Each structure stands twice: as C-alpha cells, then as structure tokens.
Amino acid sequence: MLKIIKKLGEGTFGKTYLVKYKDKKYALKIEHILNNERKKSFKNKIFRELDLFNYISKLNNEDKSFFVNLYNFEINNDCYQNILNKPEKSQLCVKYLMDYCGKYTLDKYESKYNLSKKRRLSILLQIIKIILILYKGGYSHNDLHVGTNIMVTKTKKKYFTLNNYKVPFYGIQCVAIDYGEVTHEKFGINYKRHPYKRMFSIDKDKHIFTEIFICTYRLLSSYEKMIEDCINSKKNISPWINNNLWCNGMKKLMNKNEIFFKNAIEKYGELYPEYKKDLQYIFKYRKSSKSIDQLIIDKKITKATFYNNYDYFYNILYKINEEFRYYHPILFKKYFGWCSVRKIDIPEKYFLRLLYANNYKELVNVYLDMMEK
Ligand SMILES: Nc1ncnc2c1ncn2[C@@H]1O[C@H](COP(=O)(O)OP(=O)(O)O)[C@@H](O)[C@H]1O
Ligand SMILES: [Mg+2]
C-alpha cells in the first residue's frame, strides 16, 4: 500500500505528494484529467510526458541521473474531493510514481545556501547537460527557467562529462522534473503561435540557444533576489510582473542613453542581422506615444504580445538591457523600476562573451571556459 506522507507541491493541473511504499520514499504526482484526455495521443499532455519518461528510461546511467524517473503510471477513477480541486467534472486522474528528489528545489537551495562560484558554475553546466541530453533525442523541456522544476540533491559522484570536459559536481546534483511542457517534432504540434515554443517549430538550434541562455543566466543575474527585494519593499512589484514598468524602462533607456542604444543596434544587429531593421525601427519611434510592446506588435516583429525573454526578439532586447545593467546598475534600477541594485558578478570578458554568443555551441563554450579558469 502507498502511504501519503505529505504534500510537496501544487500546480494548475494537480498535486505532488511524498509517499512511502515498502519503506522507500517516492514522489506521487496526481493530475486531474477529463475523459477525452485519456485517449492515447500526443495531443494529450500525459502521453507527451510519458514519451519523455520513456526516452529517459533508455539513457545511460550517467545521463539518467539528471532526470526524475518514472516507476509506475496509472489512470484511475478514484479522485476524491480532498485531492482534487474540481472533482465535479470528472473523477479521472493520472498518477505518476517517481523518484523522490529531496526537499530542495533550485529556488529553495539558492535562498537557503549562499552558492559558491564553483557550485554555481557546476549547476549552470548541469542545466546545460540536461538541455543537451534532451536535445539529442529531439526534445526540449521548455520549463527549466523556473527554479521549481529543478531539484538539487546530494551526490557522491565526482564528475560528469560535457563536450569532453570533466565537470565537478562539488557534491550536488541537479535533477529535472515536471515534463508538462515538453516538445518534440513527432508530437505533430505546430507551435508557431506559442509565445516561446514557436522557435522550436522553426529552428531547434535557435530554440535551445535561448533555452540555455535563459535557464543559465537566471542564476548569474540574481533576478530571484531582485524580485524578492521588490516584494520586501513597499513597492511590492517588479518590472517582470508589471509589464508597463519594463516598457517605460526601455523608452527611458533609448531616450536618455541614445549613444549606448545606437551602439547596441550595431553590435546586436551584426549578431542577429535578421533583426537589425527591427531594432532600428523601435529606436526611431522611441518618442512615440505607443508603448514599446505596441510598436513591436504593430510592426509584427514577433508573435509574442508582451515582454517575454524566451521569445527570440525580446531576448535580444533583454541582452541589451543586461549589458546596460552591467555598466550602469544604478540607472538600470531607476529606469526599470527595480527595488535594489544587484551587480552581476562575472568578469567582463566572460559576461560580454555570454551576451554576444549567438549560437548555443559558443554559449556552452563560454561556460566551459569559465570553469577552466
Ligand atoms: N520527484 C520529486 N521529488 C521531490 N519533490 C518534487 C518532485 N516532484 C515534484 N516535487 C515538488 O512539487 C512541486 C510541483 O511539482 P511539479 O512536477 O513541478 O508540478 P507542477 O506542474 O504543479 O509545477 C515541485 O516544484 C517540487 O517542489
Ligand atoms: Mg513545476
């Protein structure tokens, strides 16, 4: 018999519990589904997730250790009120019995322990490893940019390999969980309308380039801490939550630091020639009464309807913002309405290489070079 010990987490679709079975701990994820969602088809989320679990089960042991494993899966009829939010629609639910990966999500780990530079870099390279293992099989996770979908566990293993480099674990291992957003070409879904999966349908190399950048840069930029600073201050809002703040910040940046922005257009226009005209366009209309988002929508530069750093074009603007932040942290805080000044703690040489990398291989090389030092 499975014994439920406690709830570990809760999301839109269901809940995850710590359970015990034959004296071993597992995580049990229970998701509520409707009757038509049990049909065996990649149109239904559960069969996409199962497909990824299946891919993971066939990996070699080293690769497998970066992912949560599935032990058992069932669809059944016994979803009662105390487990699910909307029992009235159907009593059906899916249950995944998985490895229990301890109590530390990456978020929690970061806020509980001060990450040393070495460990931080190891985590970054482990996240890259995760993305590359999936990429090799044609998959993309798409939800590793939040710190709640990576668990941090202890390990006794010393090294893992990445591009023929030996990367030290320093005692901690990252494990990817939550495969709900997984994409693969064989799923037959066209993501061209999806704000951040769209690049997956168009160019997979470019898609994982953005995925690697977002998921790793997050750890270098202390945005979690900056959002926390905003929550703790009376303002209680950050530009990543209030889109107007970001739009206004961009206008201020373009208007008050014209030379910086012109130079950025040249540099980033060279790295992303397909977007040079678009960068020039938003700069030209920097004094317009339309918001920056509106300018982008009107010009049909991208399908995303507001600032989303996972989107290819917005990601370029994000990098321009970050370059500005590196050299002018106080102005950055002022323009964008952040609540604190937090500097980016990487040597300039590597920082610029990170921003100017325009393909995933170069990006991975920058991180590997940082380790060599
Ligand atoms: N295998 C696991 N081991 C330990 N904790 C887990 C595990 N799976 C999920 N959790 C916890 O439950 C939370 C929600 O699970 P997740 O699979 O991300 O579902 P959701 O779709 O609700 O985000 C996670 O952020 C994590 O804190
Ligand atoms: Mg999750």
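**A walk from a loop to a ligand**

Let's begin at Lys22, which is found in the loop between strand E2 (14-21) and strand E3. Keep in mind that you are looking at a predicted model. Although Lys22 is not a glycine, its phi is positive, at about 45°. Is Lys22 buried or exposed? Lys22 has 7 other C-beta atoms within 10 Å, so it is exposed, given that the cut-off for exposed is 12 or fewer.

Now move along to Ser222, in the loop between helix H6 (204-221) and helix H7 (223-232). Ser222 also has a positive phi, near 50°, and is a residue other than glycine. Because Ser222 has 17 C-beta neighbours inside 10 Å, it counts as partly exposed.

Next, find a hairpin. Strand E8 (residues 159-162) pairs with strand E9 (residues 165-168) in the antiparallel sense, over 4 bridges. To see one of these pairings, look for Phe160, whose bridge partner in E9 is Val167. There are 2 residues between the two strands of this hairpin, and Asn163, in the turn, has a positive phi of about 45°.

Finally, turn to ligand 1. How many residues surround it? The answer is 19, and the closest are Gly9, Gly11, Ala27, Thr148 and Asp178. Strand E1 (3-10), strand E3 (24-32) and strand E5 (93-99) are the elements that each give two or more residues to this shell. By type, the shell around ligand 1 has 9 nonpolar, 7 polar and 3 charged residues. Both domain 1 (3-99) and domain 2 (106-220) take part, each supplying at least three residues to the shell.

How values were computed:
Residues are numbered from 1 along each chain as its sequence is written. Chains are lettered from A and ligands numbered from 1 in the order in which they are written. This is a predicted model: local features need pLDDT of at least 70, side-chain atom pairs count only at pLDDT 80 or more; totals for chains, interfaces and linings use all residues. Two strands pair if DSSP finds at least two bridges between them. A residue is near a molecule or strand if its C-beta atom, placed from the backbone, lies within 6 Å of it. Ala, Val, Leu, Ile, Met, Phe, Trp, Tyr, Cys and Pro count as nonpolar, Asp, Glu, Lys and Arg as charged, and the others, Gly among them, as polar. Domain bounds come from an automatic or database domain assignment. A residue is buried if 20 or more other C-beta atoms lie within 10 Å of its own, exposed if 12 or fewer, and partly exposed in between; C-beta atoms are placed from the backbone.
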